[in-house]
Every structure is written in C-alpha cells, then in structure tokens.
Amino acid sequence: MKEKIYFMYFQQIDNALGKKFNNDMKQLNLTRSQSDIIRYLDDNSDKKIFQKDIEKALKLKNPTVTGTLNRMEEKGFVIREIDDENKRNKIIKLTKKAHETIEEIKLRVIETEEIMSKDLNNDEKKLLNKYLGQVLKNIEEINKGE
C-alpha cells in the first residue's frame, strides 16, 4: 500500500475540520472565520485591535476580513469605533452578543481538539504540536514574499 503524502493529509484534515467547525458554529449563527475573529478579539481584549491586526494574526487578506467584519457587524457580533488618536482608524470591538458566545466557541474548540487527539498520549500530543508548529513555520517562510 502506498503511503499518503503529507499534503493530502493536511488537505483532508482542513476540509474535515472546516466542515465540522462550520456545522458547530451554524448553531451560533457564525462561520468558522467569524468565530476565529471573535476568539482573537477576546484573547486581545486588553488592546486596541484594528482590521490590519486581524489580517496579520489570522493570515487573511484585506478583502476577506472586510467582508467578514461587515457580516459580523450586520449580525451584531462586532462594532467599529473611530479611534480618538487617529480618526482614519476604526477599532474593532466585540458586542455583548459576541461575549455571550465566547464560552460556547471555546468549548467547541476544546471538544474538537480532544476528538482529534483522543488516541494520543501526552508525549505524542506534545510531539504533534512541535511538528505542526515546525511545518507551519516552514510554510510561512516560503510565503514571506507575498
């Protein structure tokens, strides 16, 4: 039997995770990308967060983040406030509605990670984390010029 190449595994994992997480988030009227932004804003609630910060942290392009934030604003999950220090910038903030979903989002992430690693012991989980981090670093180096 021929071994699968890594690329195939990563593609299949991404597709399966995307499907599962989008199904989970549908109950909250969110998409996977929207929940990622909510988690990022929550994790950085002590800072002023601008759209460029979201683009950089989540490695997304400007039009993607603009569209996602527009839909989130329409649904009542985020608001954009003008920055007093620079009127051209808008600070992205979570609404009360978004804060009410954070614990459920985090719970779904934890459940998904537990499912993914259920047959691994702690040492294997640490190694997997190390290897995936290295793979990501290698890919990011290739894409630096873009």
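**Surface patch and salt bridges in a predicted model**

Let me begin with Val135, which is partly exposed, with a relative accessible area of 33%; buried here stands for under 20%, exposed for over 50%, and partly exposed for what lies in between, with a 1.4 Å probe and protein chains only. What you see is a predicted model, in which local features need pLDDT of at least 70 and side-chain atom pairs count only at pLDDT 80 or more, while totals for chains, interfaces and linings use all residues. Residues are numbered from 1 along each chain as its sequence is written, and side-chain values use heavy atoms, with hydrogens and water left out.

Helix H1, residues 6–26, and helix H6, residues 122–142, each supply at least two residues of the patch, and H6 gives the most, with five.

Turning to the overall fold, the protein has six helices and two strands, which run α-α-α-α-β-β-α-α from the N terminus on; these elements are DSSP runs, of at least four residues for helices (H or I) and at least two for strands (E). The C-alpha atoms fill a box of roughly 60 × 40 × 25 Å along the principal axes, and 25% of the 146 residues count as buried. The accessible surface comes to about 11000 Å², and 53% of that belongs to carbon and sulfur atoms.

Next, the charged pairs: a search of the whole structure finds 13 salt bridges, each being a side-chain nitrogen of Lys or Arg within 4 Å of a carboxyl oxygen of Asp or Glu. One of them joins Lys48 and Asp83, with the closest N and O atoms 2.8 Å apart. This pair links distant parts of the chain, 35 residues apart, with Lys48 in the loop between H2 and helix H3 (51–58) and Asp83 in the loop between strand E1 (78–82) and strand E2 (90–94). Are the two partners buried or exposed? Lys48 counts as partly exposed at 36% relative accessibility, whereas Asp83 is buried, at 3%.

In the salt bridge between Glu100 and Lys96, the closest N and O atoms are 3.9 Å apart, and both residues are exposed. Because they are four residues apart in helix H5 (residues 96–116), Glu100 and Lys96 are separated by about one helical turn. Asp84 and Lys87 form a further salt bridge, with a closest N and O distance of 3.9 Å, and both of these residues are exposed as well.

Lys20, Asp24, Glu104 and Arg108 are linked in a network of salt bridges. Leaving aside neighbours within four places in sequence, Asp24 is in contact (heavy atoms within 4.5 Å) with Arg108 and Thr112.

Finally, the charged end of Lys97 sits over the ring of Phe77, 4.7 Å from its centre, the criterion being NZ of Lys or CZ of Arg within 6 Å of the ring centre and within 35 degrees of the ring normal.

Methods:
Areas by Shrake-Rupley, 256 points an atom, 1.4 Å probe, with all protein chains shown as cover.
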